[in-house]
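Student: I have a model open and would like to go through it with you. Could we begin with a single residue and work outwards?
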Amino acid sequence: MAPTIKQINLTKSASEPFWKAGIRFECQSTGNCCTSRGSHGFVYVTLVDRRRFAKFFKISTLSFTRRYCEKIGDFFHLKNPKADCRFLKDRKCSVYAARPTQCRTWPFWPENMNAKTWNTEVKAFCPGVGKGKLVLASEIETFLEQDPLN
Ligand code: SF4
């Protein structure tokens, strides 16, 4: 599966991480995270992401960027003609092997990793939370370091 769609302003929590004992998570393939919700409307793509996509589509990185991306400030994101991700087809990711970093790291995004947001928004939004294998704190830290807006 994968995800989406995030906003540009990050809120970093300075408190003790509520996830220090790890969190169970397993994607349930609902496609929820690939749909626009409120201010979460962008799929950001780093240079690494754009190169991966270019290889997937067998075109140059420049061609991929020109055809599929727009830039806001210093950040590229997918150009989505509709609100949801352009690569979401029948509630599934049609480019799963090439999905961007933010899709690979969902739901472990900096703006999600405070207890309030996690318990009120992420849990309600994503049915994968609380299911599957335990994702260790060290793995969560690695996901957080990969955030495309860092
Ligand atoms: S690229 Fe795939 S996983 Fe990422 S938001 Fe689009 S459809 Fe979802």
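This is a predicted model: local features need pLDDT of at least 70, side-chain atom pairs count only at pLDDT 80 or more; totals for chains, interfaces and linings use all residues.

Student: Is Val45 buried or exposed?
Tutor: Val45 is buried, because 25 other C-beta atoms lie within 10 Å and the cut-off for a buried residue is 20 or more.

Student: Which residues is Val45 in contact with, leaving aside its neighbours within four places in sequence?
Tutor: Val45 is then in contact with Arg50, Cys69, Phe76, His77, Leu78 and Pro100.

Student: And how far apart in space are Val45 and Lys71?
Tutor: Their C-alpha atoms are 9.7 Å apart, while in sequence the two residues are 26 apart.

Student: What about Phe42, where does that one lie?
Tutor: Phe42 also lies in the loop between strand 1 and helix 1. It has 23 C-beta neighbours inside 10 Å and therefore counts as buried.

Student: Which residues of the largest nonpolar core touch the most other members?
Tutor: That core has 25 residues, and those touching the most other members are Cys34, Val43, Tyr44, Val45, Leu78, Cys85 and Leu88. Strand 1 (23–25), helix 2 and strand 3 (75–78) are the elements that give two or more residues to this core.

Student: Let us turn to helix 2. Which of its residues are buried?
Tutor: Phe64, Thr65 and Tyr68 are buried in helix 2. They lie on the same side of helix 2, because the arc they cover around the axis is only 100°.

Student: Which exposed residues are on the face turned away from that buried side?
Tutor: That face of helix 2 carries Leu62, Ser63, Arg66 and Arg67, which are exposed.

Student: What covers the buried residues of helix 2?
Tutor: The cover includes helix 1, strand 2 (69–72) and strand 3.

Student: At what angle do helix 1 and helix 2 pack?
Tutor: Helix 1 (residues 47–57) and helix 2 (residues 61–68) pack at about 100°, and their axes are 8 Å apart. That angle makes helix 1 roughly perpendicular to helix 2.

Student: Which residues meet there?
Tutor: From helix 1, Arg50, Arg51, Phe53, Ala54 and Phe57 meet Thr61, Phe64 and Thr65 of helix 2. Sorted by class, this contact has four nonpolar, two polar and two charged residues.

Student: Now the backbone. Which peptide bond is cis?
Tutor: The bond from Trp106 to Pro107 is cis, with omega near 0°. Pro107 belongs to the loop between helix 3 (101–105) and helix 4 (115–125).

Student: And what is the phi of Ser29?
Tutor: Ser29 has a positive phi of about 55°, although it is not a glycine. It lies in the loop between strand 1 and helix 1, and it counts as partly exposed because it has 14 C-beta neighbours inside 10 Å.

Student: What about the phi of Asp90?
Tutor: Asp90 is not a glycine either, and its phi is positive at about 50°. Asp90 is found in the loop between strand 4 (88–89) and strand 5 (92–93). It is exposed, with 6 other C-beta atoms within 10 Å.

Student: Where is Asp74 placed?
Tutor: Asp74 is in the loop between strand 2 and strand 3. With 7 C-beta neighbours inside 10 Å, Asp74 counts as exposed. The C-alpha atoms of Asp74 and Leu149 are separated by 9.3 Å, although the residues are 75 apart along the chain.

Student: To finish, how many helices and strands are there in the protein chain?
Tutor: The protein chain has five helices and six strands, in the sequence pattern β-α-α-β-β-β-β-α-α-β-α. Buried residues make up 30% of its 150 residues. Of the contacts between residues at least 6 apart in sequence, 81% join residues at least 24 apart.

Notes: Residues are numbered from 1 along each chain as its sequence is written. Axes are lines fitted to C-alpha atoms, for helices over the stretch in contact, and angles run from 0 to 180 degrees between N-to-C directions. Helices (H or I, at least four residues) and strands (E, at least two) are DSSP runs, numbered from the N terminus. Angles under 35 degrees count as roughly parallel, over 145 as roughly antiparallel, 65 to 115 as roughly perpendicular and the rest as oblique. Two residues are in contact if their C-beta atoms, placed from the backbone, lie within 7 Å. Ala, Val, Leu, Ile, Met, Phe, Trp, Tyr, Cys and Pro count as nonpolar, Asp, Glu, Lys and Arg as charged, and the others, Gly among them, as polar. A nonpolar core is a set of buried Ala, Val, Leu, Ile, Met, Phe, Trp, Tyr and Cys residues joined through C-beta atoms within 7 Å. A residue is buried if 20 or more other C-beta atoms lie within 10 Å of its own, exposed if 12 or fewer, and partly exposed in between; C-beta atoms are placed from the backbone. The arc is that of the directions from the helix axis to the C-beta atoms.
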